[in-house]
Amino acid sequence: MAVGIVHPHLTSLFLLALFPTPTDMVRVRCFSAMDRTTFTCINLVWGDLEQSECCLNPNYCFQTEGDGVSTLCRPVSEWSGWSEWSPCSVSCEEGVQQRRRVCIGSGECTGQEKLQARPCIDQPCCAVDGGWSPWTSWGPCSVTCAVGHKERYRTCTQPKPLCGGRCHGGTDQHLSCNTQQICPTHGAWAPWGEWGPCSGTCRPDGPGTVPSRSRRRTCSQPAPSVMPAGRSCLGQDSDSGPCPSLPFCPVAGSWGAWSAPTPCPVTCGVGRVERHRACDSPSPRHNGHPCPGSTRDHNFCNTGQPCPVDGLWSEWGAWSSCERKGFSNIKCKFYRGIQERERNCLGKDHGGTICPLDWFDSRACYDVQGCRFDAYVWTAWGEWGLCQPPCGADSRRTRRRTCQAVYPDDVHIDENVVITGSPRRRCAELDGQRFEVMENRTCHNMPTCG
């Protein structure tokens, strides 16, 4: 079907018939993409469309009048990737870095965590300033006649600065000195005077004599002294040359005819077309006025066709209980069982592609819920967790040791086999605890929340 520029009023009536909901009447600014760095709409398609027109393409982005918030048309939302970690909150000793993510789309995202923080150390110590050594003796006078200067120095060594510190103030001092001797004054040219008028007002467009101009200068900045005698200025006191850049007569430019509009660049949703013209009937010459206005003109085109919406996987469902075919119960028997989970492909519409990969997942397992074992051990300390909350003065981080059963040798646990359930724990008491020991530490130099 041929696609051209559709009259906006007819487009609105067409969409009202298809989507008779109140949101169809919301007027928005429509863009063709969202910047995944700033999460703002980019590449304006048209400045005044109904939201339903814009969102015929789920990859488009819109801004409503008033709040200016950028929203992706896609009906199923997803979290963006985490941003880069921010610079450390302090330049020395321990501080904190933060990173963020945002929910992209018109719906809600699962999960609550939008901000994370972790400790950082850019420099293990803070700067300590040094101290100055005593001044050296004054050096000799810099001239043999009239007035000069002499210098003395000091160094930043008593003590030396540490960890990037410095001494405040200068390393040298200057003092005026008078030799009581008169110096001769040598002559120097004053700046050239202004150019005189040109002998003509324009230059020929071809062979001919180019108009000229002249200027003068004086030996007066300074004039040479008489006693003691100074040298006079070298060179000439007058100069002449051609007049530069004399203009030709100006010719104003005029527009040529508009080109035909470009084809509609999209096969679904709303696109943008343009036409062109050139300032060549005639072109401006010799500083003539350029053509007023723009070389381009824009309009929008509406295909009237909704764009495909690709499917998006939901989060995985919970794992099923650990079971083995042909056995009613494998708890504490160390028979290898199977756990299963599923997920759904959401949002596919208008011929979009189905979600890739499988909707079904399984893994091998052993069920140890409430089981007793012959031996138990305390695990090593785990890694330090993130700072919680991720901002504010009361933020802390935690690491843990847990009481863990020693499983029989015939229970083989690897990346494809998991232990499900919680066995009975009977470790020797550690720090007054029998099941889990926690250690907390304050996160320093946290940014304020807000």
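Author: Start with strand 20, residues 396-405: strand 20 and strand 22 pair in the antiparallel sense, over seven bridges. A strand here is a DSSP run of E, at least two residues, numbered from the N terminus. Two strands pair if DSSP finds at least two bridges between them.

A word on the source: the model is predicted, so local features need pLDDT of at least 70 and side-chain atom pairs pLDDT 80 or more, while totals for chains, interfaces and linings use all residues. Residues are numbered from 1 along each chain as its sequence is written, and side-chain values use heavy atoms, without hydrogens and water.

Now widen the view. Three strands form an open sheet, ordered 19-20-22, with antiparallel pairing. Strand 19 (376-378) and strand 22 (436-442) are the edges; each has a single partner strand, so one side of each has no neighbour in the sheet. From one strand to the next, the twist averages 15°. The angle is taken between N-to-C directions, from 0 to 180 degrees, of lines fitted to C-alpha atoms.

Next, the packing. A nonpolar core joins buried Ala, Val, Leu, Ile, Met, Phe, Trp, Tyr and Cys through side-chain atoms within 4.5 Å. Buried means under 20% relative accessible area (1.4 Å probe, protein chains only). The largest core has 14 residues; C30, C54 and Y60 touch the most other members. Strands 1 (27-34), 2 (41-50), 13 (270-276) and 14 (296-302) each give two or more residues to this core. Apart from it lies another core of nine residues, including V368, C371, F373 and C403.

How values were computed. Helices (H or I, at least four residues) and strands (E, at least two) are DSSP runs, numbered from the N terminus. Buried means under 20% relative accessible area, exposed over 50%, partly exposed in between (1.4 Å probe, protein chains only).
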